[in-house]
Amino acid sequence: MAILVIGSVNVDTTYNLENFPKPGETISSLSKSRSVGGKGANQAIACQKLGGDVKFLACVGNDMDADFIFKNMREYGVDTSNIIKKYVDTGTALINVDKTGQNQIVLDHGANYAISIQDIDDNIELLDECDILILQMEIPQEVNEYAIKKAKEKGVFVILNPAPSEFEVENILDKVDLFVPNENEILRYSTKKNMKEAADELLDKNVGSVIITLGENGSEYFSKTEHIKQEAIKADAVDTTSAGDSYIGAMAVMLDQKKSIKEAMEFATKVSSKTVTRKGSGESIPTIDEIM
């Protein structure tokens, strides 16, 4: 059984702040750190640290940031053989985290937008070998659409995290088995004003199922036959940057092990509640031993 993540990888520079700056204001940071990030990388790291068999298809530049990414991903145990180098800048992110653990993120997509449909075809054996495909929206829309189309032809279970919610999803919803937005993203993709009606609208468009992540309010699962509400675990949050990514990685690992949706949600909640208590991106995600 295997999980394939296709998506973004960045070098994250994180500034820990007392409070976010106001427009025109200059403030000093409490501390600064540099790490591997990007939703794709975070989700692949989560799968690996939580005991999953994961492959990661992504694109970096031909620069020192790429060297940093390869070194750190290998230290997490993630197979880097399908990370492609191109003659562009590696993706980067600037992250501000305040004293409550909330964050602001500014992305430069860089090489993440250089991944192509041809790269999917050149690595098509990864889809032949996986049972679950995880995608986000930090790579070009046409690449996501093509990967989903090829995955469904091969009977692969598709998880789509629509973040950031910059692209349309109408053309692919009926090929997505599990759609995982947060409370803001679900409303972006619906004409409805509340989350349950929004989820029902997406189900009417033939998405397989929906999980809405709700931060400190837990998560909710919707399908045409089932509704599950998972309460959050109280935690002293210091950094929420990788909370959603760790949740999705944990879900994928459990589903790949044939656990039920309820069991997967319970496990993913434990993982994300631990993640937010630590600073950083991939380094904040716990290992399976820590969770057990």
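Modeller: Let us begin with Asp-245, which is buried, because its relative accessible area is 2% and buried means under 20% relative accessible area, with exposed over 50% and partly exposed in between (1.4 Å probe, protein chains only). This is a predicted model, in which local features need pLDDT of at least 70, side-chain atom pairs count only at pLDDT 80 or more, and totals for chains, interfaces and linings use all residues. Residues are numbered from 1 along each chain as its sequence is written, and side-chain values use heavy atoms, with hydrogens and water left out.

Colleague: Which feature does UniProt place at Asp-245?

Modeller: The unreviewed UniProt entry places the feature "active site" there; UniProt positions are given in the numbering used here, feature names are shortened, and annotations may be inferred rather than shown by experiment.

Colleague: Where is Asp-245 found, and which residues does Asp-245 touch?

Modeller: Helices (H or I, at least four residues) and strands (E, at least two) are DSSP runs, numbered from the N terminus, and Asp-245 is found in helix 8 (residues 243–256). Contact means heavy atoms within 4.5 Å; not counting residues up to four places away in sequence, Asp-245 touches Lys-39, Asn-42, Gln-43, Ala-46 and Asn-161. With Asn-42 there is a side-chain polar contact of 3.0 Å, a polar contact being a pair of N or O atoms within 3.5 Å, where within protein one must be able to donate a hydrogen and the other to accept it, and residues adjacent in sequence count only if both atoms are side-chain atoms.

Colleague: How should I read a nonpolar core, and which residues touch the most other members of the largest one?

Modeller: In soluble globular proteins, nonpolar side chains tend to be buried together. A nonpolar core is a set of buried Ala, Val, Leu, Ile, Met, Phe, Trp, Tyr and Cys residues joined through side-chain atoms within 4.5 Å. Here the largest core has 46 residues, of which Phe-56, Ile-134 and Met-251 touch the most other members, and helix 8 gives the most to this core, with 8 residues.

Colleague: How many bridges join strand 1 to strand 4?

Modeller: Two strands pair if DSSP finds at least two bridges between them; strand 1 (residues 3–6) and strand 4 run parallel and are joined by 4 bridges, with Lys-55 in strand 4 as the bridge partner of Leu-4. Strand 4 (residues 54–60) is mostly covered, since 6 of its 7 residues are buried.
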